[in-house]
Amino acid sequence: MRNQIAAANWKMNLTITQAEELLNNLLQQPKQLSGHQKVVFAVPFPYLSLAKNKVSGHANYFVAAQNCSNKKSGAYTGETSAEMLQSLGVEYVVLGHSERREYFSESNVVLAEKVNIALDYSLTPIFCCGEPLNIREAGTQNSYVEVQLKESLFHLSAEQIQKIVIAYEPIWAIGTGKTATADQAQEMHAHLRKVLADQYGKEVADAISILYGGSVKGSNAKDIFSKPDVDGGLVGGASLIAGDFAQIIDALK
Ligand code: PGA
């Protein structure tokens, strides 16, 4: 079975005390996870070491950064390299979140560079894609998201692409409380898997986890995750509430 992942995206939230409290809270609730079920905490850079320490000894729990530089090292003030993340023991990195695309002008080309450097340092990219509202209203979301994949991922080999986790996050559903329906999520995930299969073959496409993101909550996770091509979620707001995120972990297939 494909990996099923509950990924918490804390974004730019919480003080260190609040972060520690949230992690303690979640890690104290024992979960019976199978080998293919994983929990990932994408925390702000200053809390990566704390999160690594907290999850150590908890099988199936991992830590992600929310971004990394497209440069290897050097005079890039304020940037964080993939090598630094690797040296901290971080396993995943979220790349191409719509907030990074919108507020920090990250293009598909820059994201391709970030994907490459993340893989060079053995990080698993959680590559985000998704359409804005006007594209959804025009009904052209499938080709819009397809271009994001093609321009940032399709230079990878079949072996490399299987190391990527994809997160489909319709921008109109992020932080808005307006979730895509489970059927809308399934429809896009099936499309993405077909696009991957056309490029890399069915076996490769079937091995890639595709997460849904956009107003996932404890109350709707089970419905969304039950769809055959939805392999878990990338969760913003609800990941800051221990009880809600615990329910989302429980909803993994
Ligand atoms: P949300 O955010 O769950 O608050 O909608 C999801 C995300 O941006 O990853």
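**Close-up 1. The largest nonpolar core of the predicted model.** This core has 72 residues, of which Phe41, Leu153, Ile166 and Phe245 touch the most other members. Its largest share, 7 residues, is supplied by helix H9 (residues 182-200). Apart from this core lies another one of 14 residues, including Ile5, Ala7, Val40 and Cys128. A nonpolar core is a set of buried Ala, Val, Leu, Ile, Met, Phe, Trp, Tyr and Cys residues joined through side-chain atoms within 4.5 Å; buried denotes under 20% relative accessible area (1.4 Å probe, protein chains only). The model is predicted, with local features requiring pLDDT of at least 70 and side-chain atom pairs pLDDT 80 or more, whereas totals for chains, interfaces and linings use all residues. Residues are numbered from 1 along each chain as its sequence is written, and side-chain values use heavy atoms, leaving out hydrogens and water.

Close-up 2. Helices (H or I, at least four residues) and strands (E, at least two) are DSSP runs, numbered from the N terminus.

**Close-up 3. Packing of helix H1 (residues 16-28) with helix H2 (residues 48-55).** The two axes, lines fitted to C-alpha atoms over the stretch in contact, come within 11 Å and cross at roughly 20°. H1 is therefore roughly parallel to H2, a term for angles under 35 degrees. Ile16, Ala19, Glu20, Leu23, Asn24 and Leu27 of H1 meet Leu50, Ala51, Lys54 and Val55 of H2.

How values were computed
Axes fitted to C-alpha atoms, helices over the stretch in contact; angles between N-to-C directions. Parallel < 35°, antiparallel > 145°, perpendicular 65-115°, else oblique. Contact = heavy atoms within 4.5 Å. Buried < 20%, exposed > 50% of the residue type's maximum accessible area, 1.4 Å probe, protein only.
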